[in-house]
Amino acid sequence: MLRDGTVVLLRLVGPDDKALLRHEFERWSPESRYARFLAPKQSLTDDELDYLCNLDQETHFAIGAIAEAGEGDGDPVGLGIARFIRLPTVPLEPVTAEAAIAVADAAHRKGLGRLLLLRLCAAAAEREIERFRCEVLVDNTSMKALIDAIAPEHT
């Protein structure tokens with residue numbers, strides 16, 4: 001449950017989520033798209049959707065946060081997604097994955113980013129991933145604050 005009382009379902013992302021991901025991406029603000037992709041992005045191509053939804057859930061893992069429209073009997077609404085991609089192993093280095101989180105504008109500042117990051121950390125630990133690497137825009141203060149809160153020793 002989010003801070004505002006919204007009930008969300010967290011579940012693995014799969015091939016059947018392509019249409020939902022495309023639809024929700026189109027509803028994001030240009031600022032949210034830029035924060036996630038670090039560049040202006042108008043749409044997701046079929047190849048990108050295939051890459052983002054056809055996962056092995058071991059080396060490329062993703063969970064989505066979904067709510068239902070209306071009074072619980074409407075279509076699913078995608079509120080956020082978190083993923084990691086295991087990087088090639090380097091001898092004597094911790095097992096590392098590239099991590100990313102995106103939260104729909106309607107769910108900003110409700111605790112969903114924190115929930116997704118904590119679940120992503122748990123999934124990574126289950127897969128023996130010891131460290132995340134991620135790129136965050138310098139002006140993405142909410143993501144920087146979230147990382148500071150969950151991993152104060154980050155570099």
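This is a predicted model: local features need pLDDT of at least 70, side-chain atom pairs count only at pLDDT 80 or more; totals for chains, interfaces and linings use all residues.
View 1. Cysteine 134 is in no disulfide, and its nearest cysteine sulfur, that of cysteine 121, lies 9.9 Å away. Cysteine 134 counts as partly exposed because its relative accessibility is 35%. Cysteine 53, by contrast, has 0% relative accessibility and therefore counts as buried.

**View 2. Helix H1 crossing helix H3.** Here we meet H1, residues 18-27, and H3, residues 46-53, whose axes come within 10 Å and cross at roughly 115°. The crossing is right-handed. On the H1 side, the residues in contact are Lys18, Leu21 and Arg22; on the H3 side they are Asp46, Leu49, Asp50, Leu52 and Cys53. Sorted by class, this contact has four nonpolar and four charged residues, with no polar ones.

**View 3. Leucine 38 in the loop between H2 and H3.** Follow the chain from helix H2 (30-37) towards H3 and you find leucine 38 in the loop between them. Its phi is near 60°, a positive value in a residue other than glycine. Leucine 38 counts as partly exposed because its relative accessibility is 30%.

**View 4. Glutamate 128 in the loop between H4 and S5.** This loop joins helix H4 (112-126) and strand S5 (131-133), and glutamate 128 sits within it. Although not a glycine, glutamate 128 has a positive phi of about 65°. With a relative accessible area of 61%, glutamate 128 is exposed.

Notes
Residues are numbered from 1 along each chain as its sequence is written. Side-chain values use heavy atoms; hydrogens and water are left out. Axes are lines fitted to C-alpha atoms, for helices over the stretch in contact, and angles run from 0 to 180 degrees between N-to-C directions. Helices (H or I, at least four residues) and strands (E, at least two) are DSSP runs, numbered from the N terminus. A crossing is left-handed if the near helix is turned anticlockwise from the far one by less than a right angle, and right-handed if clockwise. Contact means heavy atoms within 4.5 Å. Ala, Val, Leu, Ile, Met, Phe, Trp, Tyr, Cys and Pro count as nonpolar, Asp, Glu, Lys and Arg as charged, and the others, Gly among them, as polar. Buried means under 20% relative accessible area, exposed over 50%, partly exposed in between (1.4 Å probe, protein chains only). A disulfide is a pair of cysteine sulfur atoms within 2.5 Å.
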